[in-house]
Amino acid sequence: MSDNVRRPETMERITTPELAKAFIDEQVAAIKAQVGEKKVLLALSGGVDSSVVAALLIKAIGQNLVCVHVNHGLLRKGEPEQVIQVFRNEMNANLIYVDAVDRFLDKLAGVTDPEQKRMIIGGEFIEVFAEEARKLDGIEFLAQGTIWPDILESEAGIKAHHNAGGLPEDLAFELVEPVRILFKDEVRVVGKELGLPDNMVYRQPFPGPGLGVRCPGAITRDRLEAVRESDAILREEFAKNGLEGKVWQYFTVVPDFKSTGVKDGKRTFDWPCIIRAINTTDVMEVSVEHLSDELIDHLVQRIISEVPGINRVLFDYTPKPPATVEYE
Ligand code: XMP
């Protein structure tokens, strides 16, 4: 789908497997017509939108899609492995995996300002992706997971929709945007029909700078690991307790201060871990999901016993406003 395609006013909301299948057939034909035998590049994060775009393109052009997965070290536990498993092993995709963990974390070392952290993560991502793109021959197209709300919001001046605009000038690709006219819920229905796993399709929103904004202040590897491990425990417990897919967003934050504790009769001096679980429709106003006492107690026990460096667990009861969802 090219730049000027708009969602038809009369388009039926894609809510069923049949409607999803019809959309997939239509898009596969459209992709084939647009790119022919040429090659398409895609930055595959493993998020819902890029994953659905990848699955659609694999169906349409197979190995002529080149996926690049950049592991910047700020992904959640198991995410890079899942991208490799689903796309390379199961869908036989042409996938380039770039381990850029050291590169990102070295650049971020000592950087405390949240906006500077975001700039470094975003800028470095484009650089790594551009380097990979330059190594490849014969790429003429760039696929993107732009969705309809991105277009509406950028037209309304609410947010700039981050597209190819970020790439250096020598990489001028024609865009392929096969989910451009879809709302998020429709992307999920299409993803399910394409056979993507549920925990990919029904994934909660995850910010571009990833765990970097949940490790406030200067990111260190040990504190980042504490965020990643505690987040994995929280997600596992939410899934076990039927809260996955029901609560809008839930995660942990490990702030950069320590407090005194005691373990095995010895003094400890470790970080607290903050749990945040919220619900919203538009992310402008957010309410807190109240967990049961049993679940909170269980989470506290697991986190303090399984995550190195944590000796205290706190729960954030603050709505938005005044608190934003993320801590920085
Ligand atoms: P805030 O913290 O602004 O978050 O209340 C609202 C929603 O946006 C997500 N978020 C981001 N997403 N890049 C993103 O892609 C970012 O820099 C970013 N900051 C916040 C946040 O997770 C929440 O869903």
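How many nonpolar, polar and charged residues are in the lining of the second largest pocket? The lining has 5 nonpolar, 3 polar and 6 charged residues, where Ala, Val, Leu, Ile, Met, Phe, Trp, Tyr, Cys and Pro count as nonpolar, Asp, Glu, Lys and Arg as charged, and the others, Gly among them, as polar.

The model is predicted, with local features requiring pLDDT of at least 70 and side-chain atom pairs pLDDT 80 or more, whereas totals for chains, interfaces and linings use all residues. Residues are numbered from 1 along each chain as its sequence is written, and side-chain values use heavy atoms, with hydrogens and water left out.

**View 1. The second largest pocket and its lining.** The pocket (an open set of points on a 1 Å grid over the protein atoms alone, with protein on both sides within 12 Å along at least five of seven lines, lining residues having an atom within 4 Å of a point) holds about 160 Å³ of space. Among its 14 lining residues, Asn71, Gly73, Leu75, Glu225 and Arg228 lie nearest the centre, and α9 gives the most to the lining, with 4 residues.

**View 2. The salt bridge of Glu229 with Lys77.** The closest N and O atoms of this pair are 3.0 Å apart (a salt bridge is a side-chain nitrogen of Lys or Arg within 4 Å of a carboxyl oxygen of Asp or Glu). Glu229 in helix α9 and Lys77 in the loop between β2 (65-71) and α3 are 152 residues apart, linking distant parts of the chain.

Conventions:
1 Å grid on protein atoms, 1.4 Å probe; cavity = no way out; pocket = protein on both sides within 12 Å on 5 of 7 lines; lining within 4 Å. Points joined across faces, edges and corners; volume = space filled by probe spheres on them. Helix = DSSP H or I, 4+ residues; strand = E, 2+ residues; numbered from the N terminus.
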